[in-house]
Amino acid sequence: VFKGFYEILEAMGMASMSSNGESLKLCVFDLRRGQNEGQELDKILFFYPPDVTFSTQLSVIGLSEGLITFTRLFSPEAACEVIEAERHSHVFHEAEPDIWMVMVVEKNKEIEAIWRVDALQKVLKEVHSLFVMFHGSVRSLLDKEPSGGLIRSHLYPFITDYLNDLSVGKKLQLPSFRETLKERGTVQMLTLARDAALEVQSLVGVLDSCAGTLRCHSVILFHDLLVSTTLSPDDTVDLFTFSVMRLTSNALSSGTSSWSYLRKGSSLSQTSSRSTSPQLLGSSDSLPSGNGNDAGRVIRPLQHNKWSKGKDGFLVTDIWGKDATPTIWLQQREERVHLLAYQHKCLTLVLLVPTEAIVNGELDISFVKHQVTENASAKILKVEEKLSKGWGGENAYHVSGYRYLLVDNDMEVSRASPSGKVATLAKETLLAVNKLRETVDTEKSRTKEEKDMEICIRAKNNAWAIARVTRGKELYMALEKASDTLLDATDSVQSFSNR
Amino acid sequence: MSSRPSSSQTSVGSGALSHAYIQHPSLRCNVPESRGLFYDDANRLLICVTSSQVFSWETATFNPDVSPSVDSIPEGPILSIRCSLGKKVIAVQRSDCEIQFFHRETKQTLTHKCKAGSESILGFFWSDSPLCDLAVVKTSGMDLFACDSAMNLRLVETKKVNVNWYIYTHESRLVLLASGLQCKTITGFQLSTAGVVRLPKFEMTLATTESNSKPIISPGDVHLITVYGRIYCLQVDMEAMLLHTYRFYRDAVVQQGSLPIYSSKLSVSVVDNLLLVHQIDAKVVIIYDLFVDSRAPVSAPLPLLWRGYQGSDTSSQQENEGTESSTSSENIVMYEDAWTFLVPDLILDQTNKAISASSSDRSSLLEFLQRRKLEANKAKQLCLGIARTLILERRPATQVTQAIDVLVTAYSYSVKAGIYKELKNEKTTATTPTNDGASPDNERGRASGSSIDEEEEVEMNLPSGSADEQQESQLSSPAISPDELYKFVFASVEEAMVEESDYLVAIITEFLRSISAEKLKVDLNIYVMTVRLLAHSKRFAELSLFTTNKIIEPSKEVALQLLESGGQNLRVRKLGLDMLRQLSLHHEYISSLVQDGYYLEALRYAQKRKVTSVRSSLFLEAAFASNDMQHLAAILRVLSELIPGFKETSEYYTFHGLLNETSSSVAV
């Protein structure tokens, strides 16, 4: 039904997209705004690419809105998640009540452009929760300034910076079937031996009390893996994602030396200079070029190449202003905290200091820093040493003979075969796994309660793609031994699950 | 003659605070016509002589009422007197060239003389070295003799040294021979069971002043002490007002620093490996612990007190005596001129309590207490009390961590050294210590007040010489096992700290880290407690980390606690279930699954693992309650296969009947 509906619209030219070569459109809009004729532009909070005309923007948003309203008739609680048309997929995500994010991706003939809707939705979810972590909810910014200028001036650079991470060359690369054995929005953990875990926990204990009586939260990473967290799973995922994007030793080194990064940087300046809708992105002219006046200044937390390691081991940035410490918002605890990052070799510590503990601004911050160096440096050295000793390298979690993804939805944790190993799989196998995952996604969204299932698919190349879902844990696996029977395959899964 | 009168009043008395006490009552030796009092440190005998008789008291097992053994010897002057190590022979130095030996059983007599005129005898002592039994120190050197049971002396070896004076203690088996004009050149020999070792010659430090450009060291200025099995020499340098310490190694003598002197007369004692420096003029005693590098005293200087006297409570030790004379005066005068301090075995004992009041650094205090062997019990209780107080007072975690490290390391060490023994029926471990008496403020209050309970607890252990292994092993150690720490510290503060569980968890983590580093185990209830605390403060993310990283060691008890705490949080409950499954506790796992409504999964698991111990009605009732007749039918079928003879049970009939009634369409 929807498909037909959409095709009519497309035929009417209302959904005229893909005309200017952009294969992706991403928009954020507020259903509560612009409901009167002539004020439609009000509802648009963000649109990518920024250089399309308002009429195009309005047609995409209008169509999405129509679809939402329509599907709400049948399912008021959860309106549409995806609309598949002949040439496009519309992926919906209601980030906050009546704040919608819609991604429109072009279906082209290229085989690479095969994705899983759930994975695309996860991109929307990720960018939104990162946004909330730094700026607070979209609604709260709208409430602060009902004209919408504030939220637009924040969303534009934020999402653009985020999308730049996805760009390869001039093209945005969305998570395709090749990433089917990965799960965005989860944390990857380092497995610790007990003695190392105790050392880590001991360090966490010291960090806890670095700001006096108010407890500091902390997240510790080693390379790009999580070692410890005192935050709720949701907050951990956000902070982990951000750290891996910008803070870890890998992120820092790729930021300064990698060639691909330079390309990313240049594409950013292009997109901002191409901006042709100044009314909509009113503040884009005043995007900070380093230091501006703090009052009207929009902070770009995801700005590239802005973090570096200071002499004292703490990571510094001028994103928040000269000598200003970033603050973030913890969702679960509903509190704003200062973010301090400390790095020793591949060990990255993110310390979250409650704002109430920081009364005298940077003076108190430097006191906390002092406390960390004073009380924790010995432990940091020890932990780093222990973890390095036990570090199995990139392929530590490779299980030979298997290509797998294990997701624990309760803890929002996943573990997968190293991407280098996954890359050895045949395209057919990956497509089969992708298909399988889609099936499980559909099955999961159909019933909200936890469900047990086990599905095996034989791919065209005789590989097995297996999914096993038990009590909040999902295991996906690809086995490429063509001679294996279904029985062999299930046995392998069994022996794997028992590990 | 008495080393101390028993019941007179003095200025030193009630209410005064002290670290060191003299045991009361002390040994009295009222021997008429006494000519002198000697102490034989090798045999721990107090010897009193008259013109023809020798009275000797055993002091090793201290009992003030013990009666002396009496031996008769021919009349004559007695310069010194010592029994052989088997106590068979009494040796008496009659003059500077004659020593007489009397066999106590055979009454045999032997006289040993040196070359008159060219040399004179300074003294002698018995030795248990394999080489010789007797050493005679003369101005020309030291003669070593072997002595057989028939009292034949055979010269084994002569060490040629010019000697002005010498000192020897049996405890250290070390003899120091002083030579030179200022008597500051020291030659040392150790006559140990391993043989005779010559120590490198060394010079003592002496400051010079204008008034005294060539001060001379007298034997009274030098003390040999043994603490923690190490031998030190203490030397008074009156000009500099310093007490120099030297430590003896097998092949070196190393000066270790100096302690200040506040008195023109000074003596030292060692109690329980602590150095007590008596500043005689000032009538105070200062306690030092040479184990730590710091030369700071352990406590503030306080007077020496009589123990058991006028309400000064606490523990105690041992006799002292004055060599010459010793008054029978009615007044107790501390540090009488006549007092002699005998090095190894002293008068005093410190009270742990007063020290705990005056030491501010808790972890070094704990370290200190852990090294105490005397009254190990009391030290142990104090340690537990201090640890509890540290936590209850919410001291910074680093401080508590340090304290815990000290206790755990001490325990680990004492286990390795074989000192620590699991004390079963010991009363102190059987009862939970109360919290009062733990806080230093209380201590201070109580130290001056009297406490009869405390007196009863007093143990009469003697400080053991380091050489005396057997005696040492009889002492209970103040070491605290992890289980005891859990029971008397963590478990006992849990209730009071429940609102500060973050803090307590941090401390427990440190404790676990500490015992893990020492490869020790602890009562698994501590893990149950940790789960409880983390769940209480809703730190579920960390609870999960603790569990997956096995900081919380898996056990049935922990799993059940996870299930219980998981009442508030499904994720936590799942952790518990996973743990049950990993521990192969099939029965509990299946029951919990059914309880959560996952009866199909439970049954599937039961079928796979062939578990039949779970009541079949559990599954059936769960399925029936969920009103899913298909499930009920499936369960009936699986149970019929799983449990032999199930079809004949009344249960089967009941549910089969129910099934048929409700829905005829489902076939079983």
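**Entry 1: A:D98**

I located A:D98 in the loop between β4 (88-96) and β5 (99-106) of chain A; helices (H or I, at least four residues) and strands (E, at least two) are DSSP runs, numbered from the N terminus. I was working with a predicted model, in which local features need pLDDT of at least 70 and side-chain atom pairs count only at pLDDT 80 or more, while totals for chains, interfaces and linings use all residues. Residues are numbered from 1 along each chain as its sequence is written, chains are lettered from A and ligands numbered from 1 in the order in which they are written, and side-chain values use heavy atoms, with hydrogens and water left out.

Is A:D98 buried or exposed? I noted a relative accessibility of 16%, so A:D98 counts as buried. The term buried means under 20% relative accessible area, exposed means over 50%, and partly exposed lies in between (1.4 Å probe, protein chains only). Leaving aside residues up to four places away in sequence, I found that A:D98 touches A:F29, A:D30, A:L31, A:R32, A:R72 and A:R139. Contact here means heavy atoms within 4.5 Å.

**Entry 2: A:E94**

I then turned to A:E94, which is found in strand β4 of chain A. With a relative accessible area of 29%, A:E94 is partly exposed. Not counting residues up to four places away in sequence, A:E94 touches A:R72, A:I99 and A:W100. I also looked up A:I68: from A:E94 the separation is 26 residues in sequence and 9.9 Å in space, C-alpha to C-alpha.

**Entry 3: A:P301**

Where does A:P301 lie? I placed A:P301 in the loop between α9 (259-273) and β11 (307-309) of chain A. A:P301 has a relative accessible area of 1% and is therefore buried. Apart from residues up to four places away in sequence, A:P301 touches A:F134, A:H135, A:F158, A:F242, A:I319 and A:W320. The C-alpha atoms of A:P301 and A:L130 are separated by 9.4 Å, although these residues are 171 apart along the chain.

**Entry 4: α3 and α5 of chain A**

I examined helix α3 (residues 117-135) and helix α5 (residues 149-166) of chain A, which pack at an angle of about 130° with their axes 11 Å apart. That angle makes α3(A) oblique to α5(A). Axes are lines fitted to C-alpha atoms, for helices over the stretch in contact, and angles run from 0 to 180 degrees between N-to-C directions. Angles under 35 degrees count as roughly parallel, over 145 as roughly antiparallel, 65 to 115 as roughly perpendicular, and the rest as oblique.

The crossing of α3(A) past α5(A) is right-handed. A crossing is right-handed if the near helix is turned clockwise from the far one by less than a right angle, and left-handed if anticlockwise. From α3(A) I listed contact residues including A:L130, A:F134 and A:H135, and from α5(A) residues including A:F158 and A:Y162. The residues of this contact divide into 11 nonpolar, two polar and one charged. Ala, Val, Leu, Ile, Met, Phe, Trp, Tyr, Cys and Pro count as nonpolar, Asp, Glu, Lys and Arg as charged, and the others, Gly among them, as polar.

**Entry 5: two helix pairs of chain B**

I looked next at helix α13 (residues 556-565) and helix α14 (residues 570-582) of chain B, whose angle is about 155° and whose axes are 7 Å apart. These helices are therefore roughly antiparallel to each other. Their crossing is left-handed. B:V558, B:A559, B:L562, B:L563 and B:S565 in α13(B) meet residues of α14(B), among them B:V572, B:R573 and B:L580.

The crossing is left-handed. The contact includes B:F619 and B:F624 of α17(B) and B:I635 and B:L639 of α18(B). Its residues comprise nine nonpolar, two polar and no charged.

**Entry 6: the chains and their contact**

Chain A has 13 helices and 20 strands, and 56% of its 499 residues count as buried. Chain B has 19 helices and 28 strands, and 56% of its 668 residues count as buried.

How many residues does the contact take from each chain? I noted 28 residues from chain A and 27 residues from chain B. The area buried between the chains is about 2,500 Å², of which carbon and sulfur atoms give 50%. In chain A, A:R194, A:L198 and A:R471 lose the most area to chain B, together 30% of what that side buries. Buried area is the accessible area (1.4 Å probe) that two parts lose on being put together, summed over both.
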